[in-house]
Protein chains: 2
Amino acid sequence: MTKTKQRGLTPQHEDFSAWYNEVVYKADLADLSPVRGSIIVKPYGYAIWENIQRHLDAMFKATGHENLYFPLLIPTSFFEREADHVEGFSPELAVVTHAGGKALEEPLAIRPTSETIIGEAYSKWIQSYRDLPLLYNQWCNVLRWELRTRPFLRTTEFLWQEGHTAHATAEEAMAETRQMLEIYAEFAERYGALPVFRGEKTPGERFAGAQNTYTIEAMMRDGKALQAGTSHYMGDNFARAFNITFNDVNNQQAFVHTTSWGLSWRFIGALIMTHGDDKGLILPPPLAPHQVVVVPIYRADDDAARAAVLAEVGKLHAALKDAGVRVKVDDRQGMSPGWKFNEWEQKGVPLRLELGPKDLEAGAALLADRLSGEKRPVKLANLAQTLPDELERFQAALFERARDFRDAHIREVHTLEEFREGVEEGFVYATHCGDADSERWLQEHTKATARCVPFDGPSAEGSTCVHTGKPSGYPRKVIFGKAY
Amino acid sequence: MTKTKQRGLTPQHEDFSAWYNEVVYKADLADLSPVRGSIIVKPYGYAIWENIQRHLDAMFKATGHENLYFPLLIPTSFFEREADHVEGFSPELAVVTHAGGKALEEPLAIRPTSETIIGEAYSKWIQSYRDLPLLYNQWCNVLRWELRTRPFLRTTEFLWQEGHTAHATAEEAMAETRQMLEIYAEFAERYGALPVFRGEKTPGERFAGAQNTYTIEAMMRDGKALQAGTSHYMGDNFARAFNITFNDVNNQQAFVHTTSWGLSWRFIGALIMTHGDDKGLILPPPLAPHQVVVVPIYRADDDAARAAVLAEVGKLHAALKDAGVRVKVDDRQGMSPGWKFNEWEQKGVPLRLELGPKDLEAGAALLADRLSGEKRPVKLANLAQTLPDELERFQAALFERARDFRDAHIREVHTLEEFREGVEEGFVYATHCGDADSERWLQEHTKATARCVPFDGPSAEGSTCVHTGKPSGYPRKVIFGKAY
Ligand SMILES: [Zn+2]
Ligand SMILES: [Zn+2]
């Protein structure tokens, strides 16, 4: 409502980080909160999260998962049962020591993730192979006390989903782990228009307590990597820590094999930084709160024209809604059309329809495309039929643009010098020996980390580590990049 | 899966409270958690909550409300800004004193409700009358450290929605308060089949910080009351406490008027105790996870019959799903049909279809009604068309049964003796003077509390207080009852 929002953004090439923060606040996705490191997600940002939830949740349910809800507070002693897990999470715990006016006997941690309390429950719920698999998910808030925070990307509290499954065999659990990674990848590409690399994390980048961590990695427009979703195979680590056993078909007691997988509102950060430009956000239609904004145009002193335009806009609104399009009519008074155009461009609405008296006469409207910036007339008569196709076309173009950008910013490197240059521009494929010390050295000296060993990509056969010269530790070249 | 679930429940008339706990756990709605006073909501219970959310959320959005998300943690100093609010909530706060391995400078409370942190934000977001109204809601978890807890009814952590709106005038805020109460009432009656009394709380029962609290009150099958949703008019209390001002149309600075309104998973408790019987749950079709369960019937040794029955069941499943019916096929092996019938009756599935070889020949299935207990044959051919009607009929019958029960358990009383007798059976309408001491005396001596001054109901004109003999403090007789 205030004019200040209309000021332009810092250009991406000047200061990408400043651009990001500005666009988050100016597009009204979020606001700062009085509690350090946490944000208020405003309606426009939350509507994106609701769309993410709706599509992902449908994919989870279509693959047999059910939602449930575990308590927020977890006894701190639970974390100590799995050695890697406590090492990974205890530095970030927020702890409730007092409640109801009294000191608690045992401090309770706010969940940073729920493997422990869920493991404890699974040990009670599972007795027989007939109780398996358990395919559960929860949508909830979690808290990790981070020192450096950024809206959506790293906040002390964040919203996410965490899936937790238990299986009779290692093979089944691994298949689930890989299935859920593929669901994340499909979701990212189909709904988010985010091309992602699917791959496995190196041992140093695994989730605390996991035997294997799989990831989808997206490239932001500054060439940096963002981990957009992860799926973990726990083996029987948590089963042993929480004594989750079952009687198998031969009536032998065995440990279950578990998985967990999560995707958070970080995904909104990925959308912003993959698609946005100097004008602001560009949102993929399947996740955009408004897919189309209609701006009626008339002279302030011409009441007849105004009535005629608004009547037609009303009809259009109804027809588009019926066609399943999320349409917003901006009929606010006292603002010029140009001012409105700027606002909705900054907020990344994919398509804009402008409709004035002359358009009415011609039975047409002007369609503006947020991605290409092009404007062209479209017939009003069958707009409800054609607009869904326009949105699909938009989504395809958005995906292609992101994929082209990414493909132009990843290259195979063969020397440390090439590696250093490559990670300044984007990602590199580099043969790596798999040595943890070498991975750390590379991070310290180039700021790049191993993003994943991709499922697809150049083979490492016959090549040697760009850093140590030792033989490759993995079948494929590793993707390295600087990361969020 | 375990046979123990099949044991019967304590009859309601014997020990309603025991019946309640048993049905919660045996119908697999929830489980105990390792943290005192909190529960794990299992998939069957959570699916009810998801249906509640879906319908309510649509009603909120249809009336112009948007969702957003505020942080979980609130500086404890925020609570001290509104005198009644701090008095009401500080005894129940859970407080984070340590995070990230360090003591915090200011302790942070886990939200028991979010008026304070939202008030602080609104003071920044609102400058002009053009920014008003703000019509926001959030779905979230809250925590209140209760001493005596019961699953769904009173748990330290619970899930709910809290709406928070700000308006330019008192009239508008009051209209919003009343509108949201009516939405709760409509939701309860239409989707939950819960007849409710709509009314205003007496001053002693108001929300901490509110000027008026409105409530919907339902009657459980033990005659007790359950407050199923509340809507509060705050006047400018929170606006003054958090300095939420705006420039009005005349450019004069004024305080906004705010409202808040909430409905929690308590509503699941209301469903259980309004509709359930000695066999277990009875769920209203709009909120039931499964509206229809199909049980295929065949002899274990007759593979041909089994294949034929399962083929027909598969077709039926697909047809019912296409018709928008939430249908569950129970094709588990190694359990008798009777065992399955018991399980689904305990879990309150409204309708059951039994389909065996003889039914197949007749082109029919047996339809069993969870409410009436009746079974009758129905034609398979057009079941997808007729079943939605059967579900509507079921819902209407469920509502009528609850309303008849309620109407039979509420009466007008004129003396203290009648009052005492009446609240042992259900609710009473009693004239009350409005004196807080008298209200307390009645609670101490009869365990009944003023549930509400109903919008509709017997006039109090000309009658005097059943307790003090003083003139009525309200235009209508007050509804009293023992409450959850
Ligand atoms: Zn190396
Ligand atoms: Zn009295």
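Buried here means under 20% relative accessible area, while exposed means over 50% and partly exposed lies in between, with a 1.4 Å probe and protein chains only. Helices (H or I, at least four residues) and strands (E, at least two) are DSSP runs, numbered from the N terminus.

H1(B) is followed by B:Asp28, which sits in the loop between H1 and S1 of chain B. Although B:Asp28 is not a glycine, its phi is positive, at about 65°. Because its relative accessibility is 18%, B:Asp28 counts as buried.

## How the model is read

Residues are numbered from 1 along each chain as its sequence is written, and chains are lettered from A and ligands numbered from 1 in the order in which they are written. As the model is predicted, local features need pLDDT of at least 70 and side-chain atom pairs count only at pLDDT 80 or more, whereas totals for chains, interfaces and linings use all residues; side-chain values use heavy atoms, with hydrogens and water left out.

## Other backbone features

Most residues other than glycine have a negative phi, and most peptide bonds are trans. B:Asn243 belongs to the loop between helix H6 (237-242) and strand S12 (245-247) of chain B, and at 49% relative accessibility it counts as partly exposed.

A cis peptide bond joins A:Leu132 to A:Pro133, with omega about -5°, and another joins B:Leu132 to B:Pro133, also with omega about -5°. In chain A, the proline A:Pro133 lies in the loop between helix H5 (115-125) and strand S7 (134-143); in chain B, B:Pro133 lies in the loop between helix H4 (115-125) and strand S7 (134-143).

## Domains and a helix pair in chain A

Chain A is divided into domain 1 (3-275), domain 2 (292-390) and domain 3 (410-481), with bounds that come from an automatic or database domain assignment. The C-alpha centres of domain 1 and domain 2 of chain A lie 39 Å apart.

Helix H2 (residues 43-62) and helix H8 (residues 266-275) of chain A pack at an angle of about 110°, with their axes 10 Å apart. Axes are lines fitted to C-alpha atoms, for helices over the stretch in contact, and angles run from 0 to 180 degrees between N-to-C directions. H2(A) and H8(A) are therefore roughly perpendicular, since angles of 65 to 115 degrees count as such, those under 35 as roughly parallel, those over 145 as roughly antiparallel and the rest as oblique. On the H2(A) side the contact is made by A:Gly45, A:Ile48, A:Trp49 and A:Ile52, and on the H8(A) side by A:Phe267, A:Ile268 and A:Leu271.

## Zinc sites

The zinc ion (ligand 1) is coordinated by A:Cys433 (SG), A:Ser438 (OG) and A:Cys465 (SG), at 2.2 to 2.8 Å, and its donor residues are spaced C-x4-S-x26-C in sequence. Donors are N, O and S atoms within 2.8 Å of the metal (3.2 Å for Na, K and Ca), and as water is not among the atoms, sites may look incomplete. A:Cys433 and A:Ser438 are buried.

In chain B, the zinc ion (ligand 2) is coordinated by B:Cys433 (SG), B:Ser438 (OG) and B:Cys465 (SG), at 2.1 to 2.8 Å. B:Ser438, in helix H13 (residues 436-446), and B:Cys465, in the loop between strand S22 (449-454) and strand S23 (478-481), are 27 residues apart and link distant parts of chain B. B:Ser438 counts as buried at 1% relative accessibility, and B:Cys465 is buried with a relative accessible area of 5%.

## Two positions in chain A

A:Ala450 is placed in strand S22 (residues 449-454) of chain A and is buried, with a relative accessible area of 1%. Its C-alpha atom is separated by 5.9 Å from that of A:Ile479, 29 residues apart along the chain.

A:Ser90 lies in the loop between helix H4 (83-89) and strand S5 (94-99) of chain A and counts as partly exposed at 35% relative accessibility.

How values were computed
Contact = heavy atoms within 4.5 Å.
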